[in-house]
Amino acid sequence: MKKAELLRRKARMTLLKSMAAIAVCLTFAYPLYEKAATGKHSYFEIELNGQVIGAADNEELAQTALMEARKRVTQEAGTLVYMDPQLVVTEENRLFGTRQDKEEIVAAMCDVLKDSVVLPKQEAYTIKINETTLHLATKEEVVRLLNETKNRFDINDEFAIELVEDKESPFTALTANISKPGMESNDNTVVFASAEAAGGEEPSEQDEPVFEDGLLLVGFEQQVEIVESYVAAEQLTTVEEAYDLLTKEKEENEIYVVVPGDCMSIIAEKNNMSTSKLFELNENVTENSILQIDQELIITVPEPELSVLMEEEVTYEEDYQADVVYIDNDSWYTTTQVVQQEGTVGHREVVAIVSTRNGKETEREIVHENILIGSQPKIIERGTMTPPTYIKPISGGTLTSYFGPRWGRTHKGIDWGISTGSTVVASSGGRVVSAGWNGGYGYSVLIQHPDGRQTRYAHLSKITVSSGEYVNQGERIGLSGNTGNSTGPHLHFEIIINGTAVNPLNYLY
């Protein structure tokens with residue numbers, strides 16, 4: 001048995017060695033066979049611009065493939081392009097290696113060349129407004145663009161665009177100056193202007209101001225920088241495209257649709273905006289408006305990249321009221337005001353300077369007025385003293401009874417349940433009117449305050465102030481207790497105005 005097992009093992013090892021030998025022979029023999037059968041005599045690795053893109057049978061194939069790839073890339077660009085391809089073909093001795101056909105090599109070369117193409121550049125004028133950059137072909141196009149942007153609001157084209165040297169810029173640059181023909185320009189040097197910007201007469205000096213309705217000023221809110229540059233042809237923007245970008249006229253307002261449970265404050269919160277801004281955007285909606293389900297509200301309006309500021313002088317007639325005249329009374333509190341004379345409506349002619357931003361009024365300043373019918377001012381006498389405040393007269397305690405009907409009659413104050421002997425303080429500063437036993441109130445204190453009001457503290461166990469004494473707010477006046485008509489230790493507190501008890505919770509600070 002042992003001898004048979006040894007023979008089997010020896011036979012198995014011999015078979016394995018034979019198979020390994022055959023595999024080695026095939027490894028070396030197959031390339032020789034392939035070479036003889038296919039006629040492929042070598043392996044050429046192709047590298048373009050540092051990238052290995054494949055292999056070919058010969059170097060000529062790589063050269064012709066490059067010519068075809070350059071032709072295709074140029075055709076796709078639609079113009080002459082600059083390419084500096086670096087082709088390296090290396091012959092290698094390999095037993096194994098995959099070769100690509102011509103079409104595969106051309107396609108791979110096109111991908112590499114597209115990344116290195118340099119398009120021809122041409123002279124242009126680059127406009128920079130904040131983070132927005134545009135490229136136009138000529139100065140004339142720049143002026144046309146800025147004029148069209150301005151004329152959205154300068155509808156009569158009264159002002160003209162000039163391109164002037166920007167002396168504040170650290171490099172050679174131009175900026176836009178807007179002026180009215182005949183008006184003095186700034187001290188920058190004009191390098192290009194539309195026809196309307198030239199000519200005009202110097203304004204004559206006048207002893208008295210002369211008012212004449214019309215535009216006084218037109219300008220851009222943002223700084224406009226213009227520099228000469230060289231850009232690729234496809235980077236140029238037409239005036240029409242640039243105008244749409246700067247004005248955003250084709251963009252629509254963002255709309256919110258009202259859903260159940262909405263109100264203006266909730267809608268404002270949902271959209272991270274103030275309620276006042278929401279009302280401003282929706283002029284047809286007021287605080288008294290009732291919102292309807294599915295009602296549409298504007299929540300954002302496209303903001304132009306270049307905003308136009310204008311000042312216009314206007315003359316008109318209007319009713320007006322003179323400013324209110326106030327007479328201060330140092331013996332009254334600020335809560336007291338008395339009308340001593342009613343005002344009357346007058347009529348006047350005014351000259352005003354109206355400032356606008358993108359056609360929307362931002363300010364109106366009256367620079368001259370001619371009173372046609374005088375207005376009598378309203379006269380109000382008002383107090384200047386700060387009224388006293390009222391604080392809780394105890395620390396802690398539990399509110400056990402409110403102001404109002406109780407047990408068939410009116411409970412004239414509020415009760416706090418609190419243990420006997422707790423400190424009771426003056427709710428507000430004043431003079432003690434009475435301090436002692438007061439029937440059903442038990443031991444109580446009544447304080448008269450400077451505003452005429454009174455406060456009462458009842459059911460005390462001890463009084464620590466005397467009648468006629470002045471106490472400050474927060475000063476101790478006694479200790480809580482259970483005297484008089486009381487069902488348990490507590491403090492009864494009242495505020496009395498004009499002889500009538502009111503709900504203290506409406507006045508406590």
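Student: Why is Tyr-443 called partly exposed?

Tutor: Buried means under 20% relative accessible area, exposed means over 50%, and partly exposed is in between, using a 1.4 Å probe and protein chains only. Tyr-443 has 36% relative accessibility, so it counts as partly exposed. Bear in mind that this is a predicted model, where local features need pLDDT of at least 70, side-chain atom pairs count only at pLDDT 80 or more, and totals for chains, interfaces and linings use all residues. Residues are numbered from 1 along each chain as its sequence is written, and side-chain values use heavy atoms, with hydrogens and water left out.

Student: And what makes Trp-437 exposed?

Tutor: Its relative accessibility is 52%, so Trp-437 counts as exposed.

Student: What makes the pair of Trp-416 and Phe-493 tilted?

Tutor: Rings of Phe, Tyr and Trp (its six-membered ring) pair if their centres lie within 6.5 Å; planes under 30 degrees apart are stacked, over 60 edge-to-face, and the rest tilted. Here the centres are 6.1 Å apart and the planes sit at 35 degrees, so this pair is tilted. The structure holds 3 aromatic pairs, and Trp-416, Tyr-457 and Phe-493 form one aromatic cluster.

Student: Why is the pair of Trp-437 and Tyr-443 called edge-to-face?

Tutor: Those planes make 85 degrees, with 5.0 Å centre to centre, and the pair is edge-to-face.

Student: How do you know whether Trp-416 is buried or exposed?

Tutor: Trp-416 has 5% relative accessibility, so it counts as buried. Phe-493 is at 0%, so that residue is buried too.

Student: What about Glu-381, buried or exposed?

Tutor: At 17% relative accessibility, Glu-381 counts as buried. Contact means heavy atoms within 4.5 Å, and Glu-381 touches residues including Trp-332, Thr-336 and Val-338, leaving aside those up to four places away in sequence. Glu-381 and Thr-336 are 45 residues apart in sequence, yet 8.4 Å apart in space, C-alpha to C-alpha.

Student: Why are α2 and α3 called oblique to each other?

Tutor: Helices (H or I, at least four residues) are DSSP runs, numbered from the N terminus. Helix α2 (residues 59-77) and helix α3 (residues 102-114) pack at about 50 degrees, their axes 8 Å apart. Axes are lines fitted to C-alpha atoms over the stretch in contact, and angles run from 0 to 180 degrees between N-to-C directions. Under 35 degrees is roughly parallel, over 145 roughly antiparallel, 65 to 115 roughly perpendicular, and the rest oblique. So α2 and α3 are oblique.

Notes:
Helix = DSSP H or I, 4+ residues; strand = E, 2+ residues; numbered from the N terminus.
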